[in-house]
Amino acid sequence: MATKGKKGLGKGLGAYFGEEIVEEVIQEKKITAGQDSQTGSNLIIRESGKPENGTEEKKERMVRISELEPNVNQPRKKFDEEQLQELADSIKRYGVLQPLLVKKSENGYEIVAGERRWRAARMAGLKEVPVVLREYDPQQAMEIALIENVQREDLNPIEEAVAYQRLMKEFHLKQEEIAERVSKNRTTITNSLRLLNLTEEIQNMLAEGRISSGHARAILSVSDPDIQTELAHRVEKERLSVRETERIAKSLGKEKKEKKKEKPDEGLELIFKDLEERMKTVMGTRVNISRKDKNKGRIEIEYYSESELERIVELIESIR
């Protein structure tokens, strides 16, 4: 996690906090299980005080839990109760080791990053928690919350995709810009957004961990929503691998193409067969009618010598 944090969080959060306040601590060993569970990585955010009115003000402060409210743009919607309880037990023993990042709101403070710690602190019975107060506009607040969650792998695939979609729709960011902010390549962002093309039922299965992102991408190759859902349930029931799912999805695509070709309208076939025979009688040679759809097609007239071609041309010209 240390290496990952350095690549992603350091780059993303540094743009907002300033590089001088983003420090990565590489520990020789985990001092406590509680410390590791609270930080989620080895990144610790600290803010140096800035002079105000000629004095140095320390930005980290203690705030009552009742004065804090969740971030309305928090990408993460689901919190594992068992993991929260584990974190709450750790907080009871060691306290909140990393301050929450907050901004001012009408009723107190809005959490920009650290909602999981806030929830666990409430469960642990704490009355107040350490915070760092900063000012952000809605886009910055959402981006920071997204960066923290994505780089610590706290979001399920659908929550992550929805967050990217919101950044594009609400703040008009391009995929390249999002990729740069979360330190991922553009293809990763594109593949994530594609998951939102799945049916709602399959999205729920993915969010709940019943199928993986790899399975979901394989299912996307099937265009029919009903068949997608059937395949998703088969993946879960039979515990298919991603490779097996890809193979089945590919075969389903072939079957669909074959079904389109089979079972032609027998009535139409007879009509066009009759037309071919009538034209054959007039032309004195074989005639074939190929249909593209109800209104379009191609007529092929065969000839077997130069003189026969001239005869057919003269016959057609005589129609005028």
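The model is predicted, and local features need pLDDT of at least 70, side-chain atom pairs count only at pLDDT 80 or more, while totals for chains, interfaces and linings use all residues. Residues are numbered from 1 along each chain as its sequence is written, and side-chain values use heavy atoms, with hydrogens and water left out.

The open sheet is built from 5 strands in the order 5-9-7-8-6, with mixed pairing; strands are DSSP runs of E with at least two residues, helices are runs of H or I with at least four, and both are numbered from the N terminus, while two strands pair if DSSP finds at least two bridges between them. Strand 5 (60-64) and strand 6 (68-69) each have a single partner strand, so one side of each has no neighbour in the sheet. Strand 6 runs parallel to strand 8 (residues 108-113) and is joined to that strand by 2 bridges, and E69 has E110 in strand 8 as its bridge partner.

T285 sits in the loop between helix 13 (266-283) and strand 10 (287-291), whereas I316 belongs to helix 14 (residues 306-318). The table gives their accessibility (buried is under 20% relative accessible area, exposed over 50%, partly exposed in between, with a 1.4 Å probe and protein chains only).

| Residue | Relative accessible area | Class |
|---|---|---|
| T285 | 4% | buried |
| I316 | 40% | partly exposed |

A polar atom of the T285 side chain lies 2.7 Å from the backbone oxygen of E302.

Definitions and conventions
A polar contact is a pair of N or O atoms within 3.5 Å; within protein, one must be able to donate a hydrogen and the other to accept it, and residues adjacent in sequence count only if both atoms are side-chain atoms.
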